[in-house]
Amino acid sequence: MRRDWKFYSQLGLTIVLCLFIVVPVVMSALAGVTVNVFQGLSSGLTFRWIIEVWDLYTASILLSLWIALVCLAVTLVTGVPLAYVLVRRPGRLTRLFEELLTLPVAIPGLALALALLITYGGVSGYRSSWLFILTGHVLFTLPFMVRSVAAVMSAMDMKMLEEGAASLGAGFWRRFFTVIVPNAKPGILAGALMVVTLSIGEFNLTWMLHTPLTKTLPVGLADAYASMRLEIGSAYTLIFFVLIMPLLIAMQTLADRGKRVSKRIETAEDTL
Amino acid sequence: MTTQIKLRDCAKTFTDGTRALAPFDLTIEGGETIVLLGPSGCGKTTILRMIAGLEFPDKGGVITFDGDDVTHQSIEKRRVGMVFQSYALFPNMTVAQNVAYGLKVHGVSREESDARVKAMLEMMHIEMLADRAIDQLSGGQRQRVALARAIAVQPRVLLLDEPLTALDAKLRVRLRTEINALLRKLGITAVYVTHDQEEAMALGDRIVVMQKGEIAQIGTPREIYCKPQNPFVADFVGAANLLDGQMRDGRLHIGNHVFDAVDAFDPRHGAIIDQGPVELFFRADGLSTCDAAHAHFTGRVEAVSYLGERLRLTVSGIGMHAVMIDTHADDIITAGADVHCQINPDRLTVFPARGDSTTAVSQAR
């Protein structure tokens, strides 16, 4: 099939727009491994900056990962049962609660952080520990976990599945862990990846809540941009990318797999 | 080893105040298959869920299994097998794992469970599907798995809530025959809910016809079909034609015609009706076409539907409403023609006239 000028002009525009977005990313990544960014690539490539960043900010990076994992644990333990209650017992009260839960996403992180500071800023042991940042992260990420799990839960007929399990003699906890949780797995996984990604990348809130001893990865990034040479900042970005990209790809893969499963259900035919 | 189920004075009022069930008594004998039949919203599913332990009767109601009071027992403790319209299979488990679930809950040993699962799958002719995921099964296959899962735990009663409604017509008949054979073979007490009269007839030892939260009639399929005790049941089991008449000194008058030897029994008062206005319910065989000389009525054909082995006419001008009349498939009759017909008095079911409650029946359908 011959393609006309319209096709090629559209293709051209698409490529230009893609380059517009992709080139800065490549430039930034390259800057992180260039000996001297002002001289350009001719100055040669090096891992020096990355190693330097690693030396300077290991604590921040590890703290970020640690907070993300603990945040994940907390949102799992609270978010999954919460989603269950919201879906299983719909009513005005649960509706109100759902709205309240979503509020931290809507109001600016700075305002949320300020509220936490005003309320708990005086509790010195708490204020200066990483638990303070964790609190902010949990508040911010919990709605994403709950929403993601609740979406999957409302798509399956939980009431009927539970009645089926109960008729076979299974008590509440057994039903919850052998039927509800395994079937909500796609939502739980998607929510978990979302929580980890958001927690690792969270800046707004964290910047307000951190102390010099409780710096997370993005806060360190801002610090590097502000006070170090450009190569260090870029190298830092590179490390951030390496951490966050696999999570994003995993999220996408999960979403695709979810679609495939529902398609298979539709095509199952009646033969017996 | 079969369980007799008794419900005494059971009523159900929902939290918003609506009365789902008026107080009723029902005894289901051990090994018997009872079908709860009625239109949607008649309370049949509520009775099933009460027996299951998913709903509880209002204060005063008592449910016993073989004399044990289970009224306040939760479903987990009652040992009931349930089969749902939409299967309720666990999508996270294979077919075999689904069937084994109840056995695991009841602490049956691994070897015994494996053997029992195998036997169940063989009984339902689905042993080749053991390792399949649920989402790879067709509707008919899923319902077989659901049946296998429900009977694997050897329940005291098997409860089936419209299990065939989600399936297509041909499959429905086939699976119905299989369920019937299965229930006879197991000899288990079973309660089957449906809105399908044919299904009820095919499966039930006895049928409970429900109307608006009350039991309209309990009887064998033959009793329900041939001796409906009230207009609702008559209408629901297919005697949907209605004519008005008069009883005078034990003889039935319809228009200018008089018929002898018609049983006019008033079930509400338990007496023969001698005098007064009556309503006549009959199926499409209650009237037949004939030549003008022998005709009781002449009506106008409104519509003709070809049913294969016979022709069904919708005829107006005989009663208040149009009536259905069946005739030979090779008769040539077109809409708009006049048709002469004869009453077959022994095919009539006679009830005392209800005044304006006639409309209530047609609405309930």
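I took helices (H or I, at least four residues) and strands (E, at least two) as DSSP runs numbered from the N terminus, and I took axes as lines fitted to C-alpha atoms, for helices over the stretch in contact, with angles from 0 to 180 degrees between N-to-C directions. This is a predicted model, in which local features need pLDDT of at least 70 and side-chain atom pairs count only at pLDDT 80 or more, while totals for chains, interfaces and linings use all residues. Residues are numbered from 1 along each chain as its sequence is written.

**Helix packing in chain A**

I looked up helix α2 (residues 48-88) of chain A against helix α7 (residues 158-167) of chain A, and found an angle of about 105° with the axes 10 Å apart. That makes α2(A) roughly perpendicular to α7(A) (65 to 115 degrees by the convention used). On the α2(A) side I noted Tyr84(A), Val87(A) and Arg88(A), which meet Met158(A), Lys159(A) and Glu162(A) of α7(A), contact meaning heavy atoms within 4.5 Å.

**His137(A)**

I then turned to His137(A), which lies in helix α6 (residues 130-155) of chain A and is buried at a relative accessible area of 1% (buried being under 20%, with a 1.4 Å probe and protein chains only). Leaving aside neighbours within four places in sequence, I found His137(A) in contact with Ile67(A), Cys71(A), Ser199(A), Glu202(A) and Thr206(A).

**Chain B against chain A**

I recorded 35 residues from chain B and 27 residues from chain A in the contact.

Definitions and conventions. Chains are lettered from A and ligands numbered from 1 in the order in which they are written. Side-chain values use heavy atoms; hydrogens and water are left out. Angles under 35 degrees count as roughly parallel, over 145 as roughly antiparallel, 65 to 115 as roughly perpendicular and the rest as oblique. Buried means under 20% relative accessible area, exposed over 50%, partly exposed in between (1.4 Å probe, protein chains only).
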